[in-house]
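Open the model in your viewer and keep the selection panel at hand. The stops below go from the whole chain to single residues.

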Amino acid sequence: ERLAGCRDEINRLTNLIAGLERLEEAGARGADTGRGAEDTDVAALVRSVCAAWEGKAALKNIALEIEETGAGPVTAKIDGDAIAGAVSNLISNAVKYAPDGGRVRVSVRHGDRRTVVIAIEDNGPGIPEDELPYVFERLYRADKSRNRATGGAGIGLAIAREAVVSNGGSIKAENAPGGGAVFRIVL
């Protein structure tokens, strides 16, 4: 039992270090904005990320909906791997917090002034209003009840923010009017 506890702690620390390395890597990309950027079909990228999460969503009977709006292709000059990682992190959180039988809606659309907007919305408990300004800070976890068993080191959203900002975009968290959280990426 002690060895199993030690192994679990080693795995937790290994995952924390890997996450911190990803955060540092994302920050380094921010210093070289545009590195790895190429014209990317953002709608196809989002569909691909959603496909990777369909199995996990199905385990909780969560409807993973993809909505594409607008005429013509939805493209942007971005580092596709970095944005895919950010979107994957947001979908992971949405699936984690949506209730069994709930839904996660991912939309991609043209925004104002030649921008692309990706929104990930769930129907979970949402984020306490007083916590919203802090959710993208390193090592911050809004859900104080989380422990080793439920995972999370409070760096996933910081990594997502770094990836988006390093691509010249912005990311925002808010609560949905009917309940749940909404994360919007504007590129």
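Which pattern does the chain follow, read along the sequence? In this predicted model, the pattern is α-β-α-β-β-α-β-β-α-β-β, made up of 4 helices and 7 strands.

**Whole chain.** Select everything and show the surface. The accessible surface comes to about 10,400 Å², and carbon and sulfur atoms account for 50% of that. Of the 187 residues in the chain, 41% are buried. Take the contacts between residues at least 6 apart in sequence: 72% of them join residues at least 24 apart.

**Helix H2.** Select residues 42–59, which form helix H2. Its 18 residues, at 1.5 Å a residue, should span 26 Å, and the end C-alpha atoms are 27 Å apart, so the two values agree. Now centre on Trp 53, where H2 bends by about 40°.

At the start of H2, show the side chain of Asp 41: one of its oxygens reaches to within 3.2 Å of the backbone nitrogen of Ala 43. After H2 comes Asn 61, with a positive phi near 55°.

Next, colour the buried residues of H2: Val 42, Ala 43, Leu 45, Val 46, Val 49, Cys 50, Trp 53 and Ala 57. An α-helix has 3.6 residues a turn, so residues three or four places apart point the same way. What covers the buried residues of H2? Among the covering elements are strands E1 (38–41), E2 (63–68), E3 (75–78), E4 and E5 (116–122), along with helix H3 (80–97).

**Nonpolar core.** Select Val 42, Ile 91, Val 104 and Ile 118, the residues with the most contacts inside the largest nonpolar core, which has 43 residues. At least two core residues each come from H2, E3, H3, E4, E5, helix H4 (156–165), strand E6 (170–175) and strand E7 (181–186). H3 supplies the largest share, 9 residues. In soluble globular proteins, nonpolar side chains tend to be buried together.

Stay on Val 104 and list its contacts, leaving aside neighbours within four places in sequence. They are Ile 62, Ala 63, Leu 64, Glu 65, Ala 94, Val 95, Ala 98, Ile 120, Glu 121 and Asp 122.

**Ser 107.** Finish in strand E4 (residues 103–110), where Ser 107 has its place. Is Ser 107 buried or exposed? Ser 107 counts as buried because its relative accessibility is 14%, and the cut-off for buried is under 20%. Leaving aside neighbours within four places in sequence, Ser 107 is in contact with Glu 67, Val 117, Ile 118 and Ala 119.

Methods:
Residues are numbered from 1 along each chain as its sequence is written. This is a predicted model: local features need pLDDT of at least 70, side-chain atom pairs count only at pLDDT 80 or more; totals for chains, interfaces and linings use all residues. Side-chain values use heavy atoms; hydrogens and water are left out. Buried means under 20% relative accessible area, exposed over 50%, partly exposed in between (1.4 Å probe, protein chains only). Contact means heavy atoms within 4.5 Å. Accessible areas come from the Shrake-Rupley method with a 1.4 Å probe; for residues, only the protein chains shown count as cover. The expected span of a helix is 1.5 Å times one less than its number of residues. The bend at a residue is the angle between axes fitted to the seven residues ending there and the seven starting there. A polar contact is a pair of N or O atoms within 3.5 Å; within protein, one must be able to donate a hydrogen and the other to accept it, and residues adjacent in sequence count only if both atoms are side-chain atoms. A nonpolar core is a set of buried Ala, Val, Leu, Ile, Met, Phe, Trp, Tyr and Cys residues joined through side-chain atoms within 4.5 Å.
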